[in-house]
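Hello,

Here is the structure I promised to send over. Have a look at it first, and my notes follow below.

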Protein chains: 2
Amino acid sequence: MPSPILFYFDLCSPYGYLGSLGVEQVAARCGRIVEWRPILLGISVLQVMGLKPLPETPLKKDYVAHDIPRLARLMAVPYRADAPAMHPLAAMRAFVWLDDQDPAQARRLAQAVFHAHWAQGRDMSAAPAVAELAAGLGHDPGQVLVAIASPAIKARLRARVDAALAAGIFGVPSFVVDGEVFWGADRLPMLERWMTTGGW
Amino acid sequence: MPSPILFYFDLCSPYGYLGSLGVEQVAARCGRIVEWRPILLGISVLQVMGLKPLPETPLKKDYVAHDIPRLARLMAVPYRADAPAMHPLAAMRAFVWLDDQDPAQARRLAQAVFHAHWAQGRDMSAAPAVAELAAGLGHDPGQVLVAIASPAIKARLRARVDAALAAGIFGVPSFVVDGEVFWGADRLPMLERWMTTGGW
């Protein structure tokens, strides 16, 4: 049984959304499963790396505003360029809560959040929006809201993000296979090549 | 006659070195010429974008230290991971001086600097090193040193970098074809696809 592809994501990242669609295709072709792992750009980029957020970075912000829809068109997947900025904490906490019980359900929720926000342009920042979406997947929305507000879940998310940082992960999406890190949705072809060739 | 591929480079960037090798192959396959254009990361990244240099960015600096030799191995080109950091001003000024007279000669010098520094690990930061390399290409080393120290050439480089920034270029390597910007050595396959398909 080959090792899984570790997929590090932050739901606030449109490149993460595109990467989430691409990595599942790559994994299917390579006979691997995908293990979704949370990271928070607000911690890695802002606090640890000491860089400002992309939307506040001159020149680069204009490039990515053009590049993300271009990449989505190339991948033939839906993307709403007018989707609002997303605050990911509520949804990321709901993910962590579910992931400790059932990773497949957690992944399904994360995929639903990615799709609602970045493909449909529905703001998934607030806890009620996440709970309503989770209800559509069969979860009790009241339980989701309790989990999102729970100090234990907050600490659990922070611990998982710290573990990601300790593993050298800093950007979204990042993919790890057999200890090798690939950063960026545009590195999916290289990730696939690494698996099919055994590396170089 | 199809339009040229604009290749924006800074000689201090190892990704720029790898991009310089890749873009010439892509251009040959697509029947385009490559027009080399200078940019200075010290201005774009530090002054305009307000980000710190890569070697001072936690986590990311470790990733790129692993990624650059991995990309070089994939491309099957020589790369010296122990090459010193490079101060590009002298070499970039020599490029601009030559480029105003003969772009083909300027490109040859830039390629020689890239190779000496990043493939052979010879420090190309200082003006005498650049002049000596230029002498090997048939240029008068004294003239090269005068050009590097010339206020007019300094101003000319600055003007060209300002023009690059005004065109939205911020990172190295960047490739522009028919008005479309692609940033990053790993975007060469996408650049090629854009040219062969006419875009999407």
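How many residues of chain A are in contact with chain B, counting heavy atoms within 4.5 Å as contact? There are 31, and they meet 31 residues of chain B.

Some housekeeping: this is a predicted model, where local features need pLDDT of at least 70 and side-chain atom pairs count only at pLDDT 80 or more, while totals for chains, interfaces and linings use all residues. Residues are numbered from 1 along each chain as its sequence is written, chains are lettered from A and ligands numbered from 1 in the order in which they are written, and side-chain values use heavy atoms, leaving out hydrogens and water.

The two chains bury about 3,100 Å² between them, with 62% coming from carbon and sulfur atoms (accessible area lost on being put together, 1.4 Å probe, summed over both parts). On chain A's part, A:L59, A:Y63 and A:W200 supply 21% of the buried area, more than any other three residues.

Six salt bridges are counted between chain A and chain B (a side-chain nitrogen of Lys or Arg within 4 Å of a carboxyl oxygen of Asp or Glu). A:R70 pairs with B:E180 in a salt bridge, at 3.2 Å from N to O.

The C-alpha atoms of B:W183 and B:V172 are 6.9 Å apart, although eleven residues separate them along the chain.

Best wishes

Terms used
Contact = heavy atoms within 4.5 Å.
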